[in-house]
Amino acid sequence: MKTGHPATYDEVKQVHPLYFNIVKRRLWWFALSLVVLIPGIISLFMQGLNLGIDYKGGSMLDMTFNKSVTQAAITDTMKSVGLEGPVQLSNGDTSALIRTEALEEEKRNELLAALQTNVGDYDKTSLKDDKVGPAMGQELTRNALWALLIAMGLMIGYITIRFQFVFAISGIIALLHDVLVVVGIFSLFQLEIDSSFVAAILTVFGYSINDTVIIFDRIRENEAKMKKGDIFEDMVDKSIWQTMRRSINTSLTVLIALLSIYILGGVSTKLFSLAMLIGVLTGAYSSIFIASQILLEIKIRTKKTRKGGKRFALK
Amino acid sequence: MRRGNIIKLVVLVLLVATAVALSIKPLVDPVKGVLLGLDLRGGVHLVLQAEPNEDGTPITKDDIDKAKAIIEKRVNDLGVSEPIVQPDYDKKRIVIDLAGVTDPDKAVDILKTTAKLTFRDPQGNVVLKGEDLKDAKGGQGQGSGYVVNLSFSSEGAKKFGDLTTQLIGQRLGVYLDDDLLTNPTVNTPILNGQAEITGYDTLESAANDAVLMRSGSLPVSMSIAEKRQVGASLGVDSLNKSIQAGLYGLIFIFLFMLIFYRIPGAVANFSLFVYALIVLWVFWGFRVVLTLPGIAGFILSVGMAVDFNIIIYERIKEEIRAGKSLRAGVESGFSRAFITVIDAHVTTLIAALTLYYFGTGAIKGFALTLGVGIVVTLFTGITFTRTVLRWIVGTNPKMNTTWFGVRRDG
């Protein structure tokens with residue numbers, strides 16, 4: 001390999017043993033994304049999201065009994081005090097997750113006492129008890145949507161200042177793609193959405209754009225160095241491959257961190273880290289295969305119309 | 001130059017090692033160390049919503065302040081180490097965080113009670129109100145059982161004296177809200193303003209009622225809009241699990257960096273210690289409460305702190321491949337990658353800040369640790385990592401570039 005000058009397109013191709021032209025196959029990547037996105041979107045319309053009590057309001061009791069219990073015993077006891085709701089058993093049928101309407105303290109104590117006598121003794125020190133009034137849930141949803149919108153606006157602003165508006169738009173489209181994939185998968189498998197889901201989505205927001213910006217930064221640098229006769233597609237492909245190892249390795253370290261939270265972090269951070277895992281993976285994919293390709297499509301199209309206008313004028 | 005740099009490096013490693021060793025104790029101290037949230041050591045989070053007054057008068061800021069003062073009094077009687085009682089005037093709410101409270105059920109019970117103390121005659125008319133009460137204390141009674149000792153203000157003492165004179169031989173009901181506490185018969189007029197309510201089985205129950213009586217009634221009725229209660233052992237369990245998760249995450253990231261980046265990888269790992277130390281001391285200094293999502297945010301920020309190094313090292317590799325010397329490669333790699341890193345991290349910071357602003361409770365904790373993490377990443381990256389790399393290159397400018405992960409073939 002020759003040295004002493006910035007790498008050429010051919011040299012970049014040689015450095016990577018697995019090189020293939022990403023830009024030329026961009027329609028494949030768009031198609032691949034649609035294959036993942038469409039079922040998620042359909043599911044969103046058909047069955048919606050499995051919203052937890054944080055959004056709908058309600059009470060959730062997570063209790064550990066001293067011996068294994070049955071679902072029927074718990075639901076029957078709930079009925080005896082005039083309540084109903086889904087019960088989930090885990091941990092060799094000793095842990096029960098009970099969901100029901102938002103309970104007043106008296107009602108909650110009545111239920112706990114009834115469970116104690118009818119179902120069995122439970123460990124008071126490992127009881128988890130959440131209650132969210134319906135008004136609080138609506139507020140949370142509203143705040144979450146605002147947070148997403150405002151973060152998006154600020155990011156578009158920042159990228160437009162530091163890059164160009166086209167970069168901002170392409171980056172945001174890739175972001176929405178990532179968020180839609182996560183939300184779609186959560187809808188498809190009816191995984192519960194709690195308040196930490198918003199945090200996960202927003203982190204994906206921040207992280208995935210972080211990934212994309214790294215590639216955009218290289219495109220910005222290479223675009224400035226383009227000579228006459230250089231092809232824009234090749235420059236983008238080169239930029240993607242120049243930053244390939246970076247994109248993969250940075251995502252890998254974050255995935256390592258997330259995987260350890262997912263596997264070892266306990267039940268309450270499981271769905272939260274799962275959402276981020278999916279998001280970071282999709283984010284890594286979209287920054288390489290989607291964001292720059294959209295940027296390219298927009299750039300090509302805006303150029304073509306200008307050229308077309310000229311030809312029309314010549315006639 | 002060579003020896004000087006080696007000495008500097010050795011001294012630095014020793015310094016960081018000492019700093020880590022000295023920091024562990026003050027940081028994990030259960031009382032003065034980094035604060036743990038209630039999800040990590042058990043406790044209750046309550047949001048009390050003031051209900052609109054029945055007569056339609058609006059709830060004022062003053063009402064919320066009064067309610068807050070009363071709730072604070074009750075909280076202090078619970079003996080929680082660092083309780084948080086925050087008013088939210090816009091939404092007419094009071095947010096209460098009691099981390100480490102031993103009996104959460106009892107705490108909730110005491111806090112939500114409106115607890116209006118009244119004395120009623122046999123016909124049920126309110127004849128004396130709690131406002132005239134100066135103090136109430138639980139204590140041992142003269143016979144068996146426990147009592148609440150009441151002392152009235154001078155005006156209250158006069159009223160109580162008149163009352164007991166009138167009602168001699170009749171019953172005087174003592175009510176907390178609509179619950180009859182006791183219904184004693186007045187034997188003699190009590191003129192000195194000192195009375196006692198007898199008939200408690202335990203000192204605890206007497207003391208509980210005394211707290212409610214002396215803290216007075218809430219000026220508005222409040223309902224529990226949100227409650228999150230975590231048992232103590234569940235909290236400890238979560239804490240252990242997240243420490244374990246963090247530990248394994250760190251080990252794998254360390255290995256990854258060593259294998260892929262060799263010497264700079266080792267520098268990155270070394271910087272991570274400094275990074276973690278700074279972040280934890282920042283939490284300690286600003287009394288940041290570490291919660292479960294907060295720890296997740298911290299672990300994630302470690303993953304992202306490594307990002308900073310990867311971006312720079314890959315750039316250095318490119319510069320070296322393009323024919324620059326090791327030293328020039330490190331310099332230009334740093335300055336060029338820095339622009340990339342700033343742009344990338346500012347966008348993430350935007351997300352963290354919006355989350356912090358709009359988030360509540362647990363989400364705020366997550367955003368805070370993530371945000372602090374990003375800022376500290378930038379700081380350690382620019383100052384610490386850069387200097388250490390310079391020194392290492394300084395020990396031997398002709399160092400084989402394979403130690404920087406660059407193959408120079410052909």
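**Exercise 1. Which residue in S12(B) stands opposite A:Val132?**

Before we start: this is a predicted model, where local features need pLDDT of at least 70, side-chain atom pairs count only at pLDDT 80 or more, and totals for chains, interfaces and linings use all residues. Residues are numbered from 1 along each chain as its sequence is written, while chains are lettered from A and ligands numbered from 1 in the order in which they are written.

*Solution.* Go to strand S12 (residues 222-230) of chain B, which pairs with S5(A) in the antiparallel sense over five bridges. (Strands, E, at least two residues, and helices, H or I, at least four, are DSSP runs numbered from the N terminus; two strands pair if DSSP finds at least two bridges between them.) There, B:Glu226 sits opposite A:Val132. Also in S12(B), B:Lys227 faces A:Lys131.

**Exercise 2. Describe how H8(A) packs on H10(A).**

*Solution.* Start with the geometry: H8 (residues 195-224) and H10 (residues 244-264) of chain A pack at about 160 degrees, axes 10 Å apart. (Axes are lines fitted to C-alpha atoms, for helices over the stretch in contact, and angles run from 0 to 180 degrees between N-to-C directions.) The two are therefore roughly antiparallel (that label takes angles over 145 degrees). Next, the residues: A:Tyr207, A:Asp211, A:Ile214 and A:Ile215 in H8(A) meet A:Arg246, A:Ser247, A:Thr250, A:Ser251 and A:Val254 in H10(A). Sorted by type, these are four nonpolar, three polar and two charged. (Ala, Val, Leu, Ile, Met, Phe, Trp, Tyr, Cys and Pro count as nonpolar, Asp, Glu, Lys and Arg as charged, and the others, Gly among them, as polar.)

**Exercise 3. Which element of chain A gives the most to the side that touches chain B?**

*Solution.* First, the totals: 61 residues of chain A are in contact with 62 of chain B (contact puts C-beta atoms, placed from the backbone, within 7 Å). H8(A) gives the most, with 14 residues. Finally, the make-up of this side of chain A is 30 nonpolar, 21 polar and ten charged residues.

Definitions and conventions. Angles under 35 degrees count as roughly parallel, over 145 as roughly antiparallel, 65 to 115 as roughly perpendicular and the rest as oblique. Two residues are in contact if their C-beta atoms, placed from the backbone, lie within 7 Å.
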